[in-house]
Amino acid sequence: MLRQLRTAVRTGIVTEACAPVGEIQRIGDRLASEIVRRFGRSLAIRQVDAGSCNGCELEITGLIGPHYDLERFGLHFVASPRHADCLLVTGPVTRNMAEALRRTWQATPDPKLVVAVGACGLDGGLFRGSYAVVGGVADVVPVDAVIPGCPPSPAALLAGLLEALGRRPR
Amino acid sequence: MSIGIAVAVLQIAIVGLGAPLLVGTLRTLKARLVGRRGPSPWQPYADLRKLLAKEAVVSTTTSWVFRATPYALVATLLTTALIVPVMTVRPPLAFAGNIILLVYLFMLGTFFLALAGLDAGSAFGGMGSSREVAIAALAEPTVIVAVFALALRANSIDLGRIVERFGGEPWLAANPAHLLAFAALFIVMLAETGRLPVDNPATHLELTMIHEAMVLEYSGRYLALVEWASAMKLFVFMTLLANLFVPLGLAEPTGPTTALMGVLALAAKLAVLTTAVALLETAVAKLRLFRVPELLAGSFALAFLSLMAVFVVR
Amino acid sequence: MTRLVYGVVVLLGVAAVGLGGHGMTGGGAALRLPSVLPLGGLALTLDPLGGLFLALIGFAAIPASIYAFGDAAGARRGRFAYAVFVTSMCVVPVAANTMTFLIAWELMSLASYFLVLHDRQSKESVSAAWVYAVMTHAGLACLLAGMLLLGADVGSPHFEDWRAAAPTLTSTTRNAAFLLLALGFAGKAGVVPLHVWLPLAHPAAPSHVSALMSGVMIKLGIYGLLRVSLDWLGIGPPWWGAALLIAGAASSLIGVLYALVEHDLKRLLAFHSIENVGIILLGIGSAALYRVAGFDALAVLGLIAALYHTVNHAMFKALLFLGAGAVVHATGTRNMEAMGGLIKRMPWTAACFLVGSAAIAALPPLNGFVSEWLTFLALFQNMRLEAIGQNLVFTLGIASLALTGGLAMACFVKAFGITFLALPRSDAAAHAHEASRPIRVAMVTLATACVVLGVGPTLVIPAFGSVASAVLRTAPDAIGGDWLTVRVSGQFASVSTAAIGVVLAGLFFAPLVALRLVGASRRTRAYETWGCGRIVQTPRMEYTATAFANPFKRVFDFFYRPTKRLDIEFHPESRFFVERIEYENPTRSIFEDWLYRPALRLLHAGARAAGALQSGSANQYLAYILAALLLMLVLA
């Protein structure tokens with residue numbers, strides 16, 4: 001126990017600064033509205049894997065680590081869509097997961113945002129046109145923004161989320 | 001009479017408004033200890049404000065019990081805020097009850113929360129309820145026996161009077177019985193408020209959840225009330241520990257100065273306790289669920305030893 | 001005709017309440033009819049303690065009989081036995097000599113035997129009635145032996161003569177009488193290990209009868225224990241109080257532990273009766289010990305706690321049994337695993353059952369909390385006693401009472417949650433109907449009584465205090481306070497459930513108002529339960545009672561000694577596909593395995609050995625007669 005605490009003290013804070021501007025593709029105009037203003041200080045994110053290859057998930061996992069630390073901006077991940085404000089959807093929506101994604105979206109209380117991640121989220125990416133895939137996330141639930149990349153790096157994800165919320169990182 | 005009302009309002013304000021700050025500080029400390037910048041200590045206030053603006057999605061399976069539970073939880077915890085000595089030795093409802101009432105008020109809250117967990121009809125909720133009531137039941141003997149040990153030395157079971165007695169005679173408080181009782185109650189606090197090593201408040205895995213599993217169905221204003229209530233539970237427990245065992249800075253409520261002194265003393269004591277809990281949570285891993293009864297049995301053994309210490313010394 | 005019988009019982013109940021109240025406040029009465037019965041005749045005396053129990057029986061009989069008005073089918077069968085049952089129960093607390101007492105006692109047992117045998121077709125009922133008959137008559141034998149012993153020693157069968165002669169008894173007689181009488185009464189009260197008949201008999205009887213059996217009949221066992229340990233035999237040695245305390249601690253823990261793993265709703269309630277009898281014994285035991293040590297005020301406190309809990313338990317247990325009866329009637333089953341979602345179809349029953357559950361779980365501000373609080377305080381003040389052995393016994397009592405309180409809460413979360421909440425687990429539950437009006441009236445009456453006894457302890461404690469001090473023959477000053485607060489032993493502790501009730505109610509509505517003021521969103525949307533996006537959401541996905549009790553089974557497995565049975569049926573074509581899984585995780589009763597089965601085996605062996613005497617040969621029988629005659633001639 002003491003060894004762990006000693007390591008913690010010696011290592012110090014390793015969080016990196018966030019990029020000043022994020023790259024996102026806006027879909028629709030809800031982002032500019034007051035919904036976003038409401039989520040400026042606190043956003044609960046529920047990540048939904050709609051059939052992805054898990055490359056995006058690996059990058060998303062980096063966000064909760066000490067280097068990228070999304071909690072410092074008031075964002076945090078939650079387990080239940082009932083607690084969530086934003087659905088972070090990865091993957092081309094496969095036919096098996098389309099209904100599940102729809103139900104998750106219905107289970108999330110209004111007002112809510114949907115951010116699709118990666119090329120798959122935009123239009124199916126690498127798997128576009130496959131028999132097992134419905135299309136991009138926008139074909140199943142209304143999407144507010146897409147963070148491009150295959151996969152987008154944690155820094156890009158973080159900057160993109162903040163851009164979607166209209167926030168400039170300190 | 002008017003002093004009583006003023007103290008009551010002040011205690012409710014301190015507990016109600018201070019609880020999110022306590023939880024926020026704990027989260028920030030834990031983040032710093034693992035090398036992250038972490039959220040600001042004021043983050044829980046922003047979270048609660050946002051939740052109040054969201055709609056509540058209520059499951060069709062549930063009944064009025066589900067919707068009434070958040071209000072019942074808040075009611076029980078604010079009532080405990082009036083019984084525990086927060087910043088004076090004369091809590092407003094001291095005449096209305098003592099540690100036994102306190103323990104059973106917590107159980108009232110747990111009762112309703114467990115029912116709400118079952119009401120949703122999901123396996124997660126039932127699992128959370130079952131585990132939560134098991135832990136609450138096993139933690140109860142420890143609290144009663146440990147406070148009995150304290151009551152023996154103070155010759156009263158009224159919380160205000162215990163604090164008064166020990167405050168007036170500090171050397172009475174520095175003996176092995178007290179240390180053992182403190183250790184026992186500290187473990188019970190971790191168990192009842194759902195902190196590591198009993199329950200991980202930040203877990204996302206439903207199979208490892210205890211408290212979180214029961215609130216998976218809540219959203220919007222209901223979730224805000226439930227989160228606020230659980231923050232208040234942590235605050236009240238820590239206040240109880242701090243003021244029962246280190247009753248410095250507490251005095252009769254004669255005016256604003258005594259109140260201010262009490263608040264500052266409480267803030268200092270809570271800061272120390274929060275740091276201790278943050279250090280402990282960072283250093284230990286969560287216990288397997290069926291090892292928790294062993295931990296609670298150990299805490300009961302500590303409480304029993306403290307009682308024996310009191311009997312032997314007498 | 002049925003209605004007439006039950007109506008008469010209601011009137012009898014009202015009369016009993018009136019008479020009992022009169023007795024409690026000190027107005028005594030007596031009735032002597034020497035020629036009606038042998039050995040002293042019929043003698044009835046009304047004193048404060050008897051008055052309390054009489055009033056309790058009367059008050060409990062009223063809702064139980066009203067329930068019968070609403071349950072026509074179940075009420076027809078045993079209506080006369082029911083009337084005899086209630087009448088004989090009313091006679092027991094006012095009986096003033098051996099014969100009256102024992103005849104009333106036996107009538108009560110016989111009448112309840114017939115009521116337990118209600119459903120003659122079911123094997124379970126028949127065996128339950130048999131076990132009940134055997135245990136109750138074994139208890140009667142002990143009572144008879146004890147009372148005759150005492151009567152022979154004192155020279156009179158009247159209880160007041162025993163009271164007067166108590167200081168002159170030899171210690172052997174006193175202890176022997178205590179042992180025999182306590183065993184007999186403890187068997188009736190359901191104290192561990194003499195409790196095995198309770199979980200069999202109470203579920204088998206119809207619900208209004210179970211309510212009375214659990215609510216008042218076992219209290220008559222408590223009544224007997226009170227008389228024996230505090231009244232008829234004077235002040236006994238400390239081991240009496242210690243034995244009662246230990247028996248109480250054991251009963252309360254064992255009762256609630258068995259209740260936790262029980263899925264038959266009525267059997268669960270029966271085990272809780274054992275638990276609450278244990279709590280009452282904690283109060284009586286502490287009263288006995290304090291009295292020996294000379295702390296009369298504390299003894300009165302212990303006795304008040306015991307009496308209060310007796311009354312409270314009668315109220316909430318009767319309420320719970322009537323609610324269970326309504327549920328069983330509506331769904332056709334006693335098994336909790338087949339219920340669920342009843343709160344939407346039976347809202348009144350659910351609300352009353354919730355009040356009963358909260359009361360029995362000792363949650364403030366209801367009545368269960370007040371009497372447990374008083375019991376805790378009676379136990380806490382053992383620090384005045386100097387003997388470390390006694391302090392340890394009290395500490396054991398405190399720890400077991402604390403654990404019991406927590407486990408009882410857990411058990412009733414299970415009972416209420418699985419039965420009433422979420423989705424129905426069977427078709428019968430999905431089509432359940434609300435209880436009829438008489439049943440609802442009965443339940444609401446009892447629920448109101450629970451609430452009143454909870455927030456108004458200051459109204460009833462003076463009455464209990466005067467009864468307790470009359471029994472112990474001392475001044476009633478253990479509990480003070482004003483209309484709002486109950487104060488115990490001066491500055492030691494105080495409680496005000498009325499204040500707590502008001503504060504809780506106010507703070508319940510305060511957030512509603514505050515949210516309105518703050519401008520929180522009031523929108524609500526209904527949607528299905530979150531099931532991880534699963535397409536199908538059925539009742540099979542709900543938590544079951546077995547699963548709910550699982551943590552307890554594992555923690556206390558040294559006590560339950562559960563056995564596991566797992567049967568898996570595979571598809572005939574491939575072992576990778578499973579057709580059916582059957583899982584059973586029953587617990588074993590240590591009392592049956594270690595106490596009753598060996599005792600029965602011994603009894604059978606002894607009977608077989610003695611059977612050698614009955615050889616069937618007439619010559620041998622003539623030889624026996626000759627031998628007996630010779631023996632009598634030699635001895636005479």
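Predicted model: local features only at pLDDT ≥ 70, side-chain atom pairs only at ≥ 80, totals over all residues.
**Entry 1: chain C overall**

I started with the radius of gyration of chain C: a compact globule of 636 residues would come out near 26 Å, and chain C has 26 Å, so the two agree. That radius is taken over C-alpha atoms, and the globule rule is 2.2 Å times the number of residues to the power 0.38. Residues are numbered from 1 along each chain as its sequence is written, and chains are lettered from A and ligands numbered from 1 in the order in which they are written.

Along the principal axes, the C-alpha atoms of chain C fill a box of roughly 95 × 70 × 60 Å. I find 25 helices and 8 strands in chain C; these are DSSP runs numbered from the N terminus, helices being H or I with at least four residues and strands E with at least two. Of its 636 residues, 54% count as buried. Buried here means 20 or more other C-beta atoms within 10 Å of the residue's own, exposed means 12 or fewer, and partly exposed is in between, with C-beta atoms placed from the backbone.

I also checked contacts (C-beta atoms, placed from the backbone, within 7 Å). Among those in chain C between residues at least 6 apart in sequence, 80% join residues at least 24 apart.

**Entry 2: domains of chain C**

Chain C is divided into domain 1 (1-234), domain 2 (237-509) and domain 3 (563-602), with bounds from an automatic or database domain assignment. I get 22 Å between the C-alpha centres of domain 1 and domain 2 of chain C. Their contact takes 40 residues from domain 1 of chain C and 48 residues from domain 2 of chain C. On the domain 1 side, α10(C) gives the most, with 15 residues. That side divides into 26 nonpolar, 10 polar and 4 charged residues. For these classes, Ala, Val, Leu, Ile, Met, Phe, Trp, Tyr, Cys and Pro count as nonpolar, Asp, Glu, Lys and Arg as charged, and the others, Gly among them, as polar.

**Entry 3: the cores**

Next I looked for nonpolar cores, meaning sets of buried Ala, Val, Leu, Ile, Met, Phe, Trp, Tyr and Cys residues joined through C-beta atoms within 7 Å. The largest has 353 residues, and those with the most contacts inside it include B:Phe111, C:Ile304 and C:Cys450. Helix α13 (residues 296-331) of chain C gives the most to this core, with 24 residues. Domain 1 (1-234) and domain 2 (237-509) of chain C both give residues to this core, so it lies between them.

What does B:Phe111 touch, leaving out residues up to four places away in sequence? I listed C:Ala358, C:Ala361, C:Leu363, C:Met409 and C:Val413. A second, separate core of 47 residues includes A:Ile24, A:Leu87, A:Val115 and A:Val146.

**Entry 4: where the chains touch**

For chains C and B, 68 residues of chain C are in contact with 70 residues of chain B. The largest share of the chain C side, 15 residues, comes from α17(C). By class, that side has 48 nonpolar, 14 polar and 6 charged residues.

For chains C and A, 4 residues of chain C are in contact with 9 residues of chain A. Here the chain C side divides into 3 nonpolar, 1 polar and no charged.

**Entry 5: chain B**

Chain B has 12 helices and 1 strand. I compared its radius of gyration too: a compact globule of 314 residues would be near 20 Å, and chain B has 19 Å, which agrees. Of the 314 residues of chain B, 65% count as buried.

I picked out helix α11 (residues 256-283) of chain B, whose 28 residues reach 40 Å from first C-alpha to last, close to the 40 Å expected at 1.5 Å a residue. That expected span is 1.5 Å times one less than the number of residues.

Buried or exposed: which is C:Thr395? With 20 C-beta neighbours inside 10 Å, C:Thr395 counts as buried. C:Thr395 is found in helix α17 of chain C.

Helix α25 (residues 618-635) of chain C is hardly covered, with a count of 0 buried among its 18 residues.

Definitions and conventions. Contact = placed C-beta atoms within 7 Å.
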